[in-house]
Amino acid sequence: MTINEKICILRKDAGMSQDELAEKLDVSRQSISKWESGKVIPDSDKIIALSEIFGVTTDFLLKDSEEFAVSDGIMNTEDVTEENPPYNMIPVYPVEDDNIELKKPKNKKLIKRILAVAVAICVIAGSIIVVPGLLEKPISYPYILVHGLGGWGAESKINNTVPYWGNSAGNLASIMTEQGQETYEASVGPFSSTWDRACELYAQLTGTTVDYGESHSLAHGHERYGRKYTHPLFEGWGTKTKGGQIKKVNLVGHSFGGETVRLLTSLLAYGDEAEKNASGENVSPLFEGGKKNWVNSVTTLCSPHNGSTLFYIVDRFKLIDIILSVVSAAGGLSSNTVIGDYYDFRLEQFGITDTSDPKAILNDVFSKGTDNAAYDLSPDGALELNKTIRLVKGVYYFSYSYVTTQESKLFGTQVPTLKTNPVLMLTAEEMGRFSGKTVGDIQIDETWRENDGLVSVVSARYPFNDEWQEFDSEKIVKGKWNVMPTLQGDHGTVIGLLADAGQTKNFYNELYTMIDGLPRR
């Protein structure tokens, strides 16, 4: 009897449907069907999981055997003892001579002990011979840092003098890598839409040409293909070791980078039907889905999951001034510095290559409909975006929010503390008293007033339509948000901007330690 036949019989005897077994194993029902039909053999990690679910050894599943009988249903592994071995797996050999008298064994206790020892030997042998991954040292998962609105990555000249990640603490990616934590800084469009940024991030990680998708590009009037990356950001993403371990990534997004990594993770797992239909055989692997095992964790830092009220407080031109002021302040640029000489706008898909006039560039991009950062960062745009992003069951999600305001007892509003970045003082105060309805009829009430200078705390905690729980170190879960307690600081504190260098390093050391210590199944 082959493994596919055994899986089918064990599942049915346990009273499970293919859908129920698929959910327990975090695979699709189609995968179960392929296993049972013999078209595909399960991976080693799934064979181990199957043995645990059905209370059998991996050796039993993998070796062809005679027919077997199931006496009392499927036994839980915790029920197996010396006195109670897994008798549901005793082989039954056919008897050809009806005249043979079957004698009952005289020493049942001795036989039970022999069988228990045999089972233990099979488990050990199966672990060593069949599943070498159990003896293979767990591989490390790289950390990918994704900047936010107006930010930059390692490819921009500005990063050589003032790193986005780490800022006054130094280059965070280099610091963490030197400590043995493989870390990379991604570079995506600072003012591009969440969709465009996710496509750019995928191309950079895989060393391919940016493909924004046939359907998306036609709908928004820009080129389908963008920059070409001849080498991946690191080698081996999504591949398996000899022991069956998949090289996953830990995605960390600051501000708008949080929406970027959320969308990338969703597309990797589920793909996009519109792009598959529009592109046919030429569809990008990103839009095909089926890569839910490529991401280990998603961490967002001060991310506007539900948008920012800032976009309803100032008009477009003042918004551009604020963004450029934040960029200049974060990058340590003087007022007479030509930003375009140090800064990569990454807007070739719109045909924009001349970066001599930043205000004109942003005005042009923000007036091109909804395919830009300004729209996605508005509460109305975020609501629409959140309808397309799905949580992935096998991924850990963490969110951090910061607050730089406090309640004014006199006016009942939120006002910035003295430690707030001077550039963010005005925006923190305006957001701290704003209320009303958006263009899309979203009610902005007093719960939105606590903020970090650019993003409300209520927006940074978790997307309103997603499952979540308050962080519990004893019960960290996959497939829904583990929401961290709100920390003191403004929007730039978490990346080291005008922050204590030691505290910045400690934050990421603690974050990495927590994520590296998570169970891998």
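This is a predicted model: local features need pLDDT of at least 70, side-chain atom pairs count only at pLDDT 80 or more; totals for chains, interfaces and linings use all residues.

I started with two helices, α9 (residues 194–206) and α11 (residues 256–270), whose axes come within 8 Å and cross at roughly 70°. Angles of 65 to 115 degrees count as roughly perpendicular, so that is what α9 and α11 are to each other. I also noted the hand: α9 passes α11 in a right-handed crossing. On the α9 side, the contact residues include Trp-195, Leu-201, Tyr-202 and Leu-205. From α11 I wrote down Phe-256, Val-261, Leu-264 and Leu-268, among others.

Next I checked the strand β1. Which way do its side chains point? Tyr-143 and Leu-145 go one way, Ile-144 and Val-146 go the other, and all are buried.

Then I looked for the partners of β1. It pairs with β2 (residues 183–185) in the parallel sense over three bridges, and four bridges join it to β5 (residues 249–254), also parallel. Ile-144 has a bridge partner in each: Tyr-184 in β2 and Leu-251 in β5.

Last, the cores. How many residues are in the largest nonpolar core? I got 54, and Trp-165, Phe-366 and Phe-507 are among those with the most contacts inside it. Elements giving two or more residues to this core include β1, α14 (316–331) and α20 (501–516). A second, separate core has 39 residues, including Leu-201, Phe-234, Phe-287 and Trp-481. Leu-201 was already on my page, as part of the α9 contact with α11.

Conventions
Residues are numbered from 1 along each chain as its sequence is written. Side-chain values use heavy atoms; hydrogens and water are left out. A nonpolar core is a set of buried Ala, Val, Leu, Ile, Met, Phe, Trp, Tyr and Cys residues joined through side-chain atoms within 4.5 Å. Buried means under 20% relative accessible area, exposed over 50%, partly exposed in between (1.4 Å probe, protein chains only). Two strands pair if DSSP finds at least two bridges between them. Axes are lines fitted to C-alpha atoms, for helices over the stretch in contact, and angles run from 0 to 180 degrees between N-to-C directions. Angles under 35 degrees count as roughly parallel, over 145 as roughly antiparallel, 65 to 115 as roughly perpendicular and the rest as oblique. A crossing is left-handed if the near helix is turned anticlockwise from the far one by less than a right angle, and right-handed if clockwise. Contact means heavy atoms within 4.5 Å.
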